[in-house]
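Please look over the sequence and the three-dimensional structure shown here before reading on. The report that comes after them is meant to be read with both in view.

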Amino acid sequence: MERKLKRQLQFQQIISEIGRMFIKAENVDVGLNKALEKIGTFSDASRAYIFQFEDDAMNNTYEWCKDGVEPEKENLQGLPLSMFPWWINKISDGKILNISDVSALKEEAQAEKEILEMQHIKSVLVLPLMVNHHLVGFVGFDNVESTSVWKNSDEYLLSIAAEMFSNVFQRLAHEHALEESNTSLQQALDDIKAVEMRMIHQEQMAAIGQLAAGVAHEINNPLGFVLSNQATLSRYLVRVIEILDTQKGLKLSLADQKELDYIKEDIEDLSLDTIDGLYRIKNIVKSLRDFSRIDTSQSRSRFDVKEGIENTLTLLDSKTKDLMFVDVSIDENLPEICVDAAKFNQVLLNVILNAIEAVQERDEAHGGKMWIRVTTSDEHLVLSIRDNGVGMSEETMKRAFTPFFTTKEVGKGTGLGLSIAYDVITKGHDGEIHIESESGIGTEVKIIMPIEKDIYCEQ
């Protein structure tokens with residue numbers, strides 16, 4: 001009587017411990033293995049295990065073995081359910097398989113008998129695992145040392161454990177479904193952001209095109225006649241000076257003569273400086289037109305990366321001239337690449353402008369620098385833009401290509417520069433873009449573009 005009471009108390013304690021484990025357990029695998037150990041030890045079993053079904057097969061996913069008993073888990077993977085017709089039929093109806101003597105199994109269970117005897121199993125107790133009234137596996141324990149008459153308490157313990165295990169697997173199924181739902185929602189959100197980013201990108205490119213067209217129209221026309229008039233004016237001034245030089249009898253005061261001599265000396269330099277300034281304006285307009293490719297279609301064409309870099313630096317000259325030293329190194333005989341020129345120029349502008357702004361954020365005393373390198377191999381062109389600006393933290397680098405992510409103050413950045421660059425390079429041109437950075441040291445953006453030799457590309 002005392003022994004029976006002691007076993008009953010032990011039984012209740014095990015049930016309580018298993019319940020607490022699954023309430024608190026963060027690691028389900030650990031909880032299941034500990035539960036198998038407790039119920040196996042209590043029932044004096046050789047093994048305690050869980051099988052889970054996957055399609056038309058079953059796998060031994062959890063196993064506890066008594067000391068000295070050989071594990072079988074690794075040998076019991078991917079077993080076809082068709083190998084166990086009698087077994088599966090019984091537990092599908094929610095029945096308990098209490099086999100005290102495997103050798104006594106009848107002919108209808110011949111297949112199961114042979115498999116169990118191959119594992120030296122002499123007795124076995126099995127209960128189905130049900131999730132939402134659907135059979136997903138089974139839990140059981142067996143004895144390889146001797147035949148056993150499994151007690152009612154063993155059945156009861158295993159039935160409670162099976163119910164707990166079913167609840168665990170049901171919870172895991174719900175968590176998996178929730179995770180898939182969250183992943184799907186996140187993907188939908190990312191898709192929406194990507195579409196929004198592309199729309200903003202297209203609007204930006206259209207705005208740049210309109211701006212460049214306006215600049216070309218509003219500046220080129222007056223620039224043309226100003227240049228022409230300046231050339232004529234220069235010739236007139238030369239002629240006026242020649243006439244003045246021939247008028248030796250012209251009576252001027254000493255002060256007027258000095259002023260005239262000064263004007264004669266300075267007028268040529270002023271004329272040359274004016275012409276130089278006008279041609280610089282012309283080059284800036286040309287760079288802007290080339291940058292946005294106003295006069296070409298939006299399809300892919302052969303693109304000179306060196307010219308693209310030079311045009312971009314020309315546009316940003318006012319930002320780099322007094323701020324930083326720019327070192328440009330480009331391989332000789334650089335091949336042209338087949339790209340959408342307007343979009344690739346947008347990438348150059350975004351990345352170089354980011355480098356300039358990163359340098360601006362550091363103190364002026366450290367000496368701002370930017371290095372631009374372009375190298376080639378047989379199949380790829382590699383463009384590296386490196387700066388010694390403020391750099392990025394690891395967390396910032398992880399999110400650098402995320403649309404609308406920015407470390408700048410509100411109103412000072414959209415968070416689209418690098419995300420647009422990523423979209424254009426990877427999705428639009430099958431290239432790669434990588435970032436290496438260290439906070440307080442600087443950042444390098446590396447763009448790897450395929451050199452497409454055998455495909456049609458508009459000239």
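## About the model

This is a predicted model, in which local features need pLDDT of at least 70 and side-chain atom pairs count only at pLDDT 80 or more, while totals for chains, interfaces and linings use all residues. Residues are numbered from 1 along each chain as its sequence is written, and side-chain values use heavy atoms, with hydrogens and water left out.

## The sheet

Strands of a sheet pair through backbone hydrogen bonds, either parallel or antiparallel. Here 6 strands form an open sheet in the order β3-β2-β1-β6-β5-β4, and the pairing is antiparallel; strands (E, at least two residues) and helices (H or I, at least four) are DSSP runs, numbered from the N terminus, and two strands count as paired if DSSP finds at least two bridges between them. The edge strands are β3 (79–80) and β4, each of which pairs on one side only. Strand β3 is joined to β2 by 2 bridges, with the two running antiparallel, and Leu-79 in β3 is the bridge partner of Met-58.

Strand β1 pairs with β2 (residues 57–65) in the antiparallel sense over 8 bridges, and Arg-47 stands opposite Cys-65 in β2. The hairpin of β1 and β2 has 2 residues between the strands, and in this hairpin Asp-55 takes a positive phi near 60°. Strand β1 also pairs with β6, again in the antiparallel sense, over 6 bridges, and Gln-52 stands opposite Gly-137 in β6. Because 6 of the 8 residues of β1 are buried, this strand is largely enclosed by the rest of the structure; buried means under 20% relative accessible area, exposed over 50%, and partly exposed in between, with a 1.4 Å probe and protein chains only.

Helix α3 (residues 85–92) has Trp-86, Trp-87, Ile-88 and Ile-91 buried. The buried residues of α3 pack against several elements, including β1 (47–54), α4 (110–118) and β6 (134–143). Just after α3, Gly-94 takes a positive phi of about 80°.

How far apart are the end C-alpha atoms of helix α9 (residues 341–360)? They are 28 Å apart, which agrees with the 28 Å that its 20 residues should span at 1.5 Å a residue, where the expected span is 1.5 Å times one less than the number of residues. Helix α9 is mostly covered, with 15 of its 20 residues buried.

## The largest cavity

Rolling a probe the size of a water molecule over the atoms shows where empty space is left. A search of the whole structure finds 2 cavities of 30 Å³ or more, a cavity being a set of points, on a 1 Å grid over the protein atoms alone, where a 1.4 Å probe fits but cannot get out. The largest has a volume of about 150 Å³, a volume being the space filled by probe spheres set on the points.

Of the 17 residues that line the largest cavity, Tyr-49, Phe-51, Leu-76, Leu-116 and Gln-119 are the closest to its centre; lining residues have an atom within 4 Å of a point. At least two lining residues come from each of β1, β2, α4 and β6.

## Val-305

Val-305 lies in helix α7 (residues 305–315), and it counts as buried because its relative accessibility is 1%. Leaving aside neighbours within four places in sequence, Val-305 is in contact (heavy atoms within 4.5 Å) with Leu-334, Ile-337, Phe-344, Val-374 and Leu-381. Val-305 and Leu-383 are 78 residues apart in sequence and 9.0 Å apart in space, C-alpha to C-alpha.

Note on methods: 1 Å grid on protein atoms, 1.4 Å probe; cavity = no way out; pocket = protein on both sides within 12 Å on 5 of 7 lines; lining within 4 Å.
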